[in-house]
Amino acid sequence: MAAWPAVPLAINLCGSLLGMAATLTLIPAFRERFVAARLFGQDLNKASRRPVPEAQGVISGAVFLIILFCFIPVPFLRCFVEDGCAAFPYDEVGLGRRPERGGRGWAPVTGALFSVPQFVELIGSLLAICCMIFLGFADDVLNLRWRHKLLLPTMASLPLLMVYFTNFGNTTIVVPKPFRVLLGMHLDLGILYYVYMGMLAVFCTNAINILAGINGIEAGQSLVIAASIILFNVVELNGDYQDDHIFSLYFMIPFFFTTLGLFYHNWYPSQVFVGDTFCYFAGMTFAVVGILGHFSKTMLLFFIPQVLNFLYSLPQLFHVIPCPRHRLPRLNPSTGKLEMSYSKFKTKSLSALGAYTLKAVKSLHIVDVRSGMDEDGEYTECNNMTLINFVIKLIGPTHERNLTLLLLLIQVLGSVIAFSIRYQLVRLFYDV
């Protein structure tokens with residue numbers, strides 16, 4: 001088994017620590033510039049209405065890109081001084097001849113001096129992330145509609161899908177044990193596999209975006225997911241797919257530390273808002289390592305709270321039940337605690353499917369539904385369907401900081417469950 005590329009990982013870690021320091025410094029330094037450019041909002045969960053700079057994810061994203069741009073040659077340094085690449089895998093193929101040092105002639109070569117496919121992976125991944133940061137910042141500035149938020153990650157994922165197509169092109173999956181009687185051991189999904197990967201990129205970016213609205217939650221959940229992926233990569237470094245996990249670490253370590261710097265300023269009481277820029281940036285980074293690191297199923301396990309939030313939000317996301325623009329909890333000024341926010345609408349405006357859905361979730365006691373009469377006639381209101389409001393429904397009104405801590409604890413618990421599934425329950429579905 002190949003040794004770990006200790007030097008590239010150490011350089012990556014040092015660069016990431018410098019990136020965290022840069023993020024901590026740059027965010028307050030650019031605060032007034034963002035306010036002057038009218039890129040600010042108001043914290044609706046605070047009594048004061050001071051301007052809070054938005055879209056600060058663009059700073060942590062820019063620092064992340066600078067770290068990895070400077071890091072690009074590091075995994076390939078030995079290619080320039082020795083007859084092989086140590087940090088990335090390569091095929092032992094004869095390449096004919098190479099120039100001797102000093103230019104005095106030609107010498108035979110038996111190993112790859114430069115691994116082009118893995119270099120393309122690195123560049124293609126950075127391109128996809130860079131596109132997503134740009135599109136996320138455009139969303140923060142232009143305030144795009146939700147349908148555009150589904151289209152943007154799809155466009156940004158195209159470089160990623162092309163890298164997968166040119167470098168791997170494998171669309172065959174191992175069928176879980178319960179379905180092998182019908183489908184056999186392996187199944188070639190063809191173009192459907194690329195559809196799956198594109199949808200994965202869309203889900204990762206928007207899943208973080210819809211579990212938002214209180215101080216520290218976007219950066220906090222991303223930190224927990226990143227830490228979980230790093231731990232998974234380290235555990236698997238002694239496995240058969242060491243190189244895939246090294247590739248993932250090259251991205252996850254800088255992401256973790258730059259996000260940690262952002263989290264410091266975004267924690268309660270928040271001095272900055274991360275914006276859609278960060279949500280898109282984080283989601284695409286997770287999609288990149290999951291797809292090109294070949295552990296997309298495991299990565300989705302780390303999104304258990306986001307999946308639950310998405311499923312709970314479906315009636316509002318698809319407008320079966322009216323969905324307001326902001327679904328964050330509301331502050332009760334008299335208590336200083338956050339309470340559930342509600343969506344209010346005319347009862348007769350609800351479709352038959354909406355009425356049935358509302359009746360079903362009410363009977364399951366997962367949504368608080370109220371009815372009444374006002375000057376416009378009969379109305380119905382229900383709490384906005386987010387995991388944040390659901391937690392408030394379970395525990396009652398709570399302080400914003402305590403609510404964020406509880407939600408991050410749920411995220412950690414989700415990762416614990418993910419590791420249990422990955423290393424224990426997986427035996428029920430696959431031969432390991």
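Okay, quick ground rules. It's a predicted model, so local features need pLDDT of at least 70 and side-chain atom pairs count only at pLDDT 80 or more, while totals for chains, interfaces and linings use all residues. Residues are numbered from 1 along each chain as its sequence is written, and side-chain values use heavy atoms, with hydrogens and water left out.

Let's start in the middle, with the nonpolar core. By that I mean a set of buried Ala, Val, Leu, Ile, Met, Phe, Trp, Tyr and Cys residues joined through side-chain atoms within 4.5 Å. Buried, for today, is under 20% relative accessible area, exposed is over 50%, and partly exposed is in between, with a 1.4 Å probe and protein chains only. The largest core has 90 residues, and the ones touching the most other members are Ile 129, Ile 229, Phe 251, Phe 255, Met 284, Phe 286 and Phe 303. Apart from it there's another core, of 10 residues, including Tyr 312, Ile 321, Val 369 and Cys 382. As a reminder, in soluble globular proteins nonpolar side chains tend to be buried together.

Have a look at Phe 286. Contact here means heavy atoms within 4.5 Å. Not counting residues up to four places away in sequence, Phe 286 touches Ile 208, Ser 222, Ile 225, Ala 226, Ile 229, Met 252, Phe 255, Met 299 and Phe 303. Phe 286 also belongs to an aromatic cluster, together with Phe 64, Phe 203, Phe 255, Phe 278, Phe 281, Phe 303 and Phe 310. Across the structure there are 24 aromatic pairs; a pair is two rings of Phe, Tyr or Trp (its six-membered ring) with centres within 6.5 Å, and planes under 30 degrees apart count as stacked, over 60 as edge-to-face and the rest as tilted.

While we're on rings, two of them have a charge sitting over them, which takes NZ of Lys or CZ of Arg within 6 Å of the ring centre and within 35 degrees of the ring normal. The charged end of Lys 344 is over Tyr 379, 4.3 Å from the ring centre. Arg 422 does that with Tyr 423, at 5.0 Å.

On to helices. Helices (H or I, at least four residues) and strands (E, at least two) are DSSP runs, numbered from the N terminus. Helix α8 covers residues 191-210.

Ile 210 lies in α8 and counts as buried, because its relative accessibility is 10%. Beyond four places in sequence, Ile 210 touches Trp 146, Asn 309, Phe 310, Leu 317 and Arg 327.

Then there's Gly 220, in helix α9, residues 217-235. Gly 220 is buried as well, at 3% relative accessibility. Leaving aside neighbours within four places, its contacts are Phe 263 and Leu 408.

Now loops. Thr 171 sits between α6 (158-167) and β5 (172-174), and at 9% relative accessible area it's buried.

Tyr 268 and Pro 269 are joined by a cis peptide bond, omega about -10 degrees, and Pro 269 is in the loop between α10 (242-266) and α11 (275-292). Ala 55 isn't a glycine, yet its phi is positive, about 60 degrees. Ala 55 is in the loop between β2 (51-53) and α3 (57-71), and it's buried, at 0%. His 294 also has a positive phi of about 60 degrees without being a glycine.

Last thing, cysteines. How many disulfides does the structure hold? There are 0, taking a disulfide as two cysteine sulfur atoms within 2.5 Å. For Cys 14, the closest cysteine sulfur is in Cys 70, 14 Å away, so that's too far for a bond. For Cys 131 it's Cys 130, at 6.1 Å, again too far.

How values were computed. The expected span of a helix is 1.5 Å times one less than its number of residues.
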